[in-house]
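Please examine the sequence and the three-dimensional model shown below. The paragraphs that follow lead through aromatic, nonpolar and charged side chains in turn.

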Amino acid sequence: EVRLEECISQWHKTRDSSTVRNRKVFPSPAQTHQSPITPESKIKRDDTPCSNGSSGDFSARASVDSPNQLLLIVVTGLSFATRLYKITEPPHVCWDETHFGKMGSYYINRTFFFDVHPPLGKMLIALAGYMTGYDGSFPFVKPGDKYEHHNYWGMRGFCAMLGSFLPIFAYLIVQELSRSHTAALITAALLIFDTGCITISQYILLDPILMFFIMAAVLSMVKFNQQSSRPFTAPWWLWLVLCGAALAGALGVKFVGLFVIFLVGLNTAGDLWRILGDLSLSLVDVAKHFLARVVGLILLPLFLYVLVFAVHFALLNKSGPGDGFFSSTFQSRLIGNNLNNVSMPEYLAYGSTISVKNLRIAGGYLHSHWHLYPEGVGAKQQQVTAYLHKDYNNMWLVHKPDNDKTPDLVRHGDIIRLEHKETTRNLHSHLHQAPLTKKHFQVTGYGINGTGDANDLWQVEVCGGRRGDLVKVLRSKVRFLHKATGCVLYSSGKTLPKWGWEQVEVTCSPYLKETPSSQWNIEDHINPRLPNISLSLLKPNFLEILLESHIVMIRGNSGLKPKDNEMNSKPWHWPINYQGLRFSGVNETEYRVYLLGNPVVWWINLASLGLYLIMVAVSSIAIQRGISLQQKRLGKFQHSDILTGGGGLLLLGWLLHYAPFYVMGRVLYYHHYFPAMLFSSMLTGVTLDTLLRNADLLLCQPYSDWLQRGGQMVLLFTVLYSFYLFHPLSYGMTGPLAHEPESAMAGLKWMDSWEF
């Protein structure tokens, strides 16, 4: 009886110290980071025996976890259902499936190709196709080609499966950052019912794979932060390693994976700074924390990233369409290439027959033919171009200026004359304008049977060499300086008109800066007077081909130009959902799919960005002025911690994945915004939930609860109804177009720039 009276007295004290209006209490991220209060730990402190003698642990944990588990099951089911629905339609190639599906076929056939992105995404697509029975025989020539009997659903299904995890990961991330199931559910609903996220997940593309690794990295980072009070335990190591592996995956799919690496890096730097300021830790402990993060977030991702390329090079060992983008030494390792397992003299000599390859991407081989430049295009002499394919007209003879036949070796600084083997014209330049690059000089074929003039002389320069250095076949980077004008032989990369057979323009540039366009290497080399060596001795090692592949990818990425009739966009278009992308079909007789985000979802996200900044500003000013926006019943919980902590992290993620596109020089497309859109949606969940939870600042009970529940229901209904209206964008449209009254999309073209 005494114990019962004490309990009743304690209950009255607790009740009196609370506020009249009851409100759910959650720990803030900052408090969780410093001193996590999990349901389990709270239960242990308040653990009192039940009437049947068992602990209250099980029932309390069940009451906390059951709603969360049920919501997570619902989110998972809806996410997979919306992504996998009609996955086989349309049964033809859509948009960039023509690229990434074809690259999957190359992997299955072990045929070397070139792409501007790292290889992991394509390798996973190929693996999915191979495991589901695709044999790599479909050509993927152009959008609209029917798949017919070819098994394509495995590759689409794999991308859709990874895309289905995005709302799930977002739900878990927001729940960790906000300690609110409602905020997590809002975020999940925005992503599940976004037509853009559905569409981009349903096809053979790199984007769902990239976003899967980005979200996995963020989730692992957040989970790792929650383990800060238990360092070096198994869960702590698990989330650290998973974060590092996800970072390697994101970068291994696309270079924009660097953005999430920056996000994790900034978070880690702040974490280490906090640890350094913890005086309860010795410097040895601080060093352990630092080294653990170096291993988990730097060395492990680097190892996995390099491993991806090792597998890539091991798989693609046959000559293919990507050969010409790489150096001659790189090509010599590919089975079927004309440089593979052949022998030739190691050093360039006078009297040799050679082919000369430019080192820029698609720079081509130095080439000439019997055709002359047309009237009005410089001097009417024989054309000299760069040709992208191997050809007999790529062969040149190396002579001394005085036609001395002594088979001396060519050295850095020597003066030579190059004679075209087929036409016997000399490589020549003069002060006439080049055909397309007007500030450069024209390069022609001049003279006959070795006779010409002083404009046929070129000085050999080995890049990085000194006078007297020999010119190594395949490996030396060489420049040819024109003696008479001082210009340098140059491949501009520009395509000549039909009179030039649409080959690449070759000029003589007066600008002498070393660039790949002015650098060449000797590829074919024939000289019966010199001993041959096997080119296998000249093959590059792994680190050399790894470095070269990255140089080629970066150059290719920066040089991307829009294709004919293909829509590109500007970064400011993306948050306002200004314009989408046609995935399939144009006219009313075709099956049409249009990549466009659910406009209601995207505009809510845009409004929430501004609302978030306003809420943070108001909260900060109030705190600075000592004004309490919280009621006593909130206890230790502070909404400002959620906004500045979890919300700030998500805002930083959005900025890192969006702002860099404003300074990129390459062509940009609408789908580049989707990683940033994930962060924007998560921030929306946190912002709107915090706003609705503060309804009691304006209204008293029970009206504040009604406003909160009503706001949540209106938001959910609005998202669901907008999805009902716009779902044909993702799942296919047939019949009349949107501007016609009988169209299923009639009245829904809210912006003139939408093209469905």
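Which residues make a nonpolar surface patch of about 650 Å²? The patch is made by Leu697, Leu698, Leu699, Tyr703, Trp706 and Leu707. Patches consist of residues with over 30% relative accessible area and no salt bridge, with nonpolar side chains (Val, Leu, Ile, Met, Phe, Trp, Tyr) joined within 5 Å and like charges within 9 Å. A salt bridge here is a side-chain nitrogen of Lys or Arg within 4 Å of a carboxyl oxygen of Asp or Glu, and accessible areas come from the Shrake-Rupley method with a 1.4 Å probe. The model is a predicted one, in which local features need pLDDT of at least 70 and side-chain atom pairs count only at pLDDT 80 or more, while totals for chains, interfaces and linings use all residues. Residues are numbered from 1 along each chain as its sequence is written, and side-chain values use heavy atoms, with hydrogens and water left out.

Helices (H or I, at least four residues) and strands (E, at least two) are DSSP runs numbered from the N terminus. Trp706 has a relative accessible area of 58% and is therefore exposed; the term means over 50%, buried means under 20%, and partly exposed lies in between (1.4 Å probe, protein chains only).

The structure also holds 53 aromatic pairs. Rings of Phe, Tyr and Trp (its six-membered ring) pair if their centres lie within 6.5 Å; planes under 30 degrees apart are stacked, over 60 edge-to-face, and the rest tilted. The ring centres of Trp602 and Tyr673 are 5.4 Å apart with planes at 45 degrees, so this pair is tilted. It links distant parts of the chain, since Trp602 lies in helix α16 (residues 599-624) and Tyr673 in the loop between α17 (639-658) and α18 (674-693), 71 residues apart. Trp602 is buried at 2% relative accessible area, and Tyr673 is likewise buried at 3%. Another tilted pair joins Trp750 and Trp754, at 6.4 Å centre to centre and 40 degrees between the planes. Trp750 is partly exposed at 39%, whereas Trp754, at 0%, is buried.

Trp602 and Tyr673 also belong to one aromatic cluster, whose members include Phe259, Trp574 and Trp654.

With a relative accessible area of 11%, Lys400 is buried. Its side chain makes a polar contact of 2.6 Å with that of Asp408; such a contact is a pair of N or O atoms within 3.5 Å, where within protein one must be able to donate a hydrogen and the other to accept it, and residues adjacent in sequence count only if both atoms are side-chain atoms.
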